[in-house]
Amino acid sequence: MMKKIPYGHQYITDEDIQAIVEVLKSDFMTQGPKIAEFEQAFAKHVGAKYAVAVSNGTAALHISAMALGVRPGDNVIVTPLTFVASANCVRYCGGNVCFCDIDPDTFLMDLNKLEAMLAAKPKGYYKGVIPVDFAGYPIHADGLRQIADRYGLWIIEDACHAPGATFLDKNGKKQQAGSGVFTNLTVFSFHPVKHVATGEGGMITTNDPELQYKLRCYRSHGIAQDSSKLRENRGCWYYEMQELGFNYRITDFQCALGLSQLKRLDWSLECRQKIAEKYNCAFADYPQIKTPFVAKDVYHAYHLYVIEIEDRKGLIDYLRANNIFAQVHYEPVHLMPYYQDLGNKRGDLPVVEHYSQHCLSLPMFPTLTEKEQDYVITKVLEFIK
Ligand SMILES: *Cc1c(COP(=O)(O)O)cnc(C)c1O
């Protein structure tokens with residue numbers, strides 16, 4: 001039997017290891033030069049003015065919600081098809097999470113349903129919206145921005161699945177996820193299954209200088225990061241904690257790894273495209289398998305390759321028995337017991353509920369070999385025949 005094939009896996013090269021070792025031999029383990037270097041390289045890569053690196057993607061979401069001023073009782077619209085962290089960041093600030101169902105083809109937040117939600121309440125009832133570039137499919141952020149502007153909403157784009165993804169805006173111009181052109185803040189994660197892996201790690205990109213300053217303060221206890229902003233100055237040792245922040249810092253050796261990994265991001269996206277094409281071809285003649293829809297103007301980052309199938313449980317069990325660890329992304333967030341206890345229930349969001357009973361993520365990572373992928377395809381087809 002094949003060795004275990006997971007749905008996602010990090011790829012660490014000797015060059016990556018060398019980059020980490022160099023930092024460990026230097027004077028800085030944390031708060032050294034590699035952090036700014038990684039931030040600048042990442043901002044450049046996604047086309048944003050600023051990037052702020054933090055300890056993980058969840059921390060990035062939390063201080064993003066803080067920086068946009070989420071307060072107890074504020075209503076924020078979130079997609080239910082995501083990892084729980086996209087919604088939890090609102091709860092950390094005491095806000096209410098209001099779920100908006102997904103589009104059955106793209107699996108992204110359904111903008112028609114979003115508009116209907118917004119129109120049903122007085123302006124100002126909702127403060128912001130948190131869409132997710134699910135599986136690596138970028139939201140058309142220009143369209144969302146138009147809606148958000150009409151209703152006075154801020155946007156935090158959760159692009160943890162989508163560094164490097166692009167789409168064409170209404171003028172036919174290529175736009176990158178996280179460029180800061182249409183969203184207030186965009187959040188990324190560097191968890192090992194994500195495109196760029198640093199163990200734990202996260203990044204926020206933006207074009208707004210005030211927001212990036214706030215994020216830098218919140219990342220480090222709420223301590224003022226700019227001496228011109230001090231209320232007084234008692235001397236060279238002096239620092240001021242002006243708001244309640246956290247220790248959400250990332251280390252220098254993680255940023256060195258991130259820098260090294262970032263150099264391979266474009267290559268890894270190409271690998272993912274090829275793997276997706278091969279799956280698409282292999283399943284094209286089998287209507288029992290619904291393969292991912294991708295609009296022509298979209299460059300998909302393929303964090304996940306999701307198929308939909310009637311007997312999902314049967315297939316997942318069959319694949320596991322053959323050492324293929326397919327996964328479900330995701331059980332809908334509104335049906336997590338915590339969110340059910342807050343008043344959400346089955347039946348609230350029929351599209352995502354149907355999707356989540358049939359979806360399955362097949363192995364998708366740059367170092368998946370042709371032999372391994374052939375084996376996965378064979379086992380899937382064996383099951384459905
Ligand atoms: C991974 C992920 C997160 C959380 O990132 P961590 O770095 O694990 O905290 C948030 N949202 C989405 C969509 C993710 O995939």
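Author: Helix α3 (residues 57-67) and helix α4 (residues 85-92) have axes that come within 8 Å and cross at roughly 40°. Helices here are DSSP runs of H or I with at least four residues, strands are runs of E with at least two, and both are numbered from the N terminus. Axes are lines fitted to C-alpha atoms, for helices over the stretch in contact, and angles run from 0 to 180 degrees between N-to-C directions. The angle makes α3 oblique to α4; angles under 35 degrees count as roughly parallel, over 145 as roughly antiparallel, 65 to 115 as roughly perpendicular, and the rest as oblique. The crossing of α3 and α4 is right-handed, that is, the near helix is turned clockwise from the far one by less than a right angle.

The model is predicted: local features need pLDDT of at least 70 and side-chain atom pairs pLDDT 80 or more, while totals for chains, interfaces and linings use all residues. Residues are numbered from 1 along each chain as its sequence is written, and side-chain values use heavy atoms, with hydrogens and water left out.

From α3, the contact is made by Thr58, Leu61, His62 and Ala65, and from α4 by Ala85, Ser86, Cys89 and Tyr92; contact means heavy atoms within 4.5 Å. By class, this contact of α3 with α4 has 5 nonpolar, 3 polar and no charged residues. Nonpolar covers Ala, Val, Leu, Ile, Met, Phe, Trp, Tyr, Cys and Pro, charged covers Asp, Glu, Lys and Arg, and the others, Gly among them, are polar.

The side chain of Thr58 has an N or O atom 2.5 Å from an oxygen atom of the ligand. For Gly57, a polar backbone atom is 2.7 Å from a ligand oxygen atom. Lys194 has a polar side-chain atom 2.9 Å from an oxygen atom of the ligand. A polar contact is a pair of N or O atoms within 3.5 Å.

The axes of α9 (residues 265-283) and α13 (residues 370-384) come within 11 Å and cross at roughly 30°. That makes α9 roughly parallel to α13. The crossing of α9 and α13 is right-handed.

Definitions and conventions:
Polar contact = N/O pair within 3.5 Å; in protein donor to acceptor, adjacent residues only side chain to side chain.
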